[in-house]
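Please find below my notes on the model you sent. They are set out as numbered points.

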Amino acid sequence: MKKAKKFLGVVLIFTLLMMTLSACSNSSKITGIWYNEKGETLNVQQDGSYNYEGEYGTGTWKILDDKKTIEFRDFYGQTTSIELVKDDLGEKIKYHGYDFYKDSYPSNDENKGEQTSKLNLTRVADFKNGYAWVENSGGSYSLINTKGKAIYTSASCYKYYDMSNDACFVQEKIDEDKYVYKIIDKNGQIVASSADGEFDDILASGDNLFFVHKYEGSIDSSRDLYGTINEKGKFVNKLRECPFMYSQYLSAKYIGAKSFLLGESSFFNHSSIYMSSCDKFFENSNNEYAAKGAGDNLYILDNHGIKAEGSEKEYRYSEFSDDEYKYVAIRSDGKIEKAPEFDYIVNGFLINGLFAAEKSGQKTVTFNNPKTGKTFAFSKYYISDVGSADNNLLVSIKGEDEKYYYTVLDENGNMLFEPISGTNAYAGDGKITLLKDDNYSVLDYSGNVITDIGKYSYIGTFNDGIAWAKNSSDQYVGIDEKGNVVIS
């Protein structure tokens, strides 16, 4: 009798195990992005949520007790039961009368990872680290790769944010005044979500760090907590209060050097700085443009006051003091010290990790590398604007004829070609997009014309080999350096 009971117990455990494995198998099969013949996407996530660009909001899904049927519940609570089946084209599900196939429509191994249907784009963001956010004519937003393949689609996107190395985040509207924040990796998977309750919102991101906020309140207390999460959805810096709170900080931006500037509103004066590398807050009495990171260090211009957490000493600039801290560096360990002299010029005082200093009334601009101490100067022409050109500098010059000219300076300050006239210019990926007389040209960093493109009303900066252009239908397409359409 005992042997029989033992045998039945083993059978029961085995049966339960097989049922669990079956459910897990179905779960892994259903998660991913599915396409119908119209090119619409159904994005099914591992966390039990889904988005269908043909309907509003975020829905939920679950596998029913029979382990075969999957129940989809849309934003309004309407349920639809489906089954995962297989035909000659591959695995499919039927939703709202359409056949959806995973990864592409129809399933074709040669096209995996590539664009499978026209996106009909009405809004785009530049590619960053191989991915870009786009909006299609139907109003849904997708995160796509450089092949035009959507890895994540949201029909309820409120705000999207660029890929930060290996992940990005999105803010989705789930109710009139309710939002959910999600961190999405390069596989299109949600690695962290405010719906899980560990944080309330994401305020900013940079270099695989996501600065999160959580409010805790009761009849006896009220506090705001801040911390950071990495690209895998794991906490790097645990949630804790800011010791310099004047009010609730619900605005922040990434300023480099694993640091975030916390502000009370669109004005960041009398704010705080949080440096993740040393898990330390700093009281900041400077404006929002005064602090910027280069490498592991943070630099502050025209310092009106900076104080580290746990210290009573405030470092500030005063023309009446010998102990001047007009130029300040905050090291990755939180130590505050004097920095080399630099100044504000056009786009800021720190461009491509170089300090820029311009003497009033002179056309000489000096660039200093704080990491190497190397300095170079440019004085041939008056610089009206400076921007990044990968590891070089894109320089705008206003000539005596009131026209604008553009050239590129290398990291040693050498001018790579004589300035070329134009209306506007952008640089990236080793290419310059130059606008002149309503026509666009693509140049290399030696000033050579790669191709003349005159058929678009707009062409942006090249990133990851692609620039966005507007065609005659006023829709965005992705083009390569030769002007060939690669995403449409």
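1. Where is the place of Glu-309? Glu-309 sits in the loop between strand S28 (306-308) and strand S29 (328-330); strands here are DSSP runs of E of at least two residues, helices are runs of H or I of at least four, and both are numbered from the N terminus. Its relative accessible area is 22%, so Glu-309 is partly exposed; the scale takes buried as under 20%, exposed as over 50% and partly exposed as in between, with a 1.4 Å probe and protein chains only.

2. A word on the basis. The model is predicted, so local features need pLDDT of at least 70 and side-chain atom pairs count only at pLDDT 80 or more, while totals for chains, interfaces and linings use all residues. Residues are numbered from 1 along each chain as its sequence is written, and side-chain values use heavy atoms, with hydrogens and water left out.

3. Surroundings of Glu-309. Not counting residues up to four places away in sequence, Glu-309 touches Arg-240, Pro-243, Phe-244, Asp-279, Lys-280 and Phe-281, where contact means heavy atoms within 4.5 Å. Tyr-274 is 35 residues from Glu-309 in sequence, and their C-alpha atoms are 9.7 Å apart.

4. Overall make-up. The chain has one helix and 46 strands. Of its 488 residues, 47% count as buried. Among contacts between residues at least 6 apart in sequence, 38% join residues at least 24 apart.

5. Glu-55 is found in the loop between strand S3 (49-52) and strand S4 (59-63), and counts as buried at 15% relative accessibility. Leaving aside neighbours within four places in sequence, the contacts of Glu-55 are Tyr-50, Asp-74, Tyr-95, His-96 and Ala-155. Between Glu-55 and Ser-140 there are 9.3 Å in space, C-alpha to C-alpha, and 85 residues in sequence.

6. Salt bridges. Side chains of opposite charge can pair when their charged atoms come close. With a salt bridge taken as a side-chain nitrogen of Lys or Arg within 4 Å of a carboxyl oxygen of Asp or Glu, the count is 18. One of them joins Glu-172 to Lys-182, with the closest N and O atoms 2.9 Å apart. Glu-172 belongs to strand S15 (residues 167-175) and Lys-182 to strand S16 (residues 178-185), so this pair ties together parts that are ten residues apart in sequence. Glu-172 and Lys-182 are both buried.

7. A pair across a longer stretch of sequence. What is the distance between the closest N and O atoms of Glu-481 and Lys-431? The two residues form a salt bridge at 3.5 Å. Because Glu-481 lies in the loop between strand S45 (476-479) and strand S46 (485-487), and Lys-431 in strand S40 (residues 431-436), the bridge ties together parts that are 50 residues apart in sequence. Glu-481 is partly exposed at 29%, whereas Lys-431 is buried at 10%.

8. Further charged groups. Arg-223 and Glu-216 meet in a salt bridge of 2.9 Å, N to O. Arg-223 is partly exposed at 36% relative accessibility, as is Glu-216 at 31%. Lys-92, Lys-94 and Asp-99 are linked in a network of salt bridges.

9. On a 1 Å grid over the protein atoms alone, a cavity is a set of points where a 1.4 Å probe fits but cannot get out; a pocket is an open set with protein on both sides within 12 Å along at least five of seven lines; lining residues have an atom within 4 Å of a point. Grid points are joined across faces, edges and corners, and a volume is the space filled by probe spheres set on the points. The structure holds one cavity of 30 Å³ or more, and the largest cavity has a volume of about 40 Å³. Its lining consists of Tyr-406, Phe-417, Ile-420, Ile-432, Leu-434 and Leu-443.

10. Open space. The largest pocket holds about 580 Å³. It is lined by 23 residues, of which Lys-128, Asn-129, Met-163, Asn-165 and Asn-463 are the closest to its centre. Strands S18 (201-206), S22 (251-256), S26 (291-294) and S39 (424-428) each supply at least two residues of the lining.

11. Cysteines. Taking a disulfide as a pair of cysteine sulfur atoms within 2.5 Å, the count is zero. Cys-168 is in no disulfide, and the nearest cysteine sulfur, that of Cys-157, is 9.9 Å away. Cys-168 is buried, with a relative accessible area of 0%.
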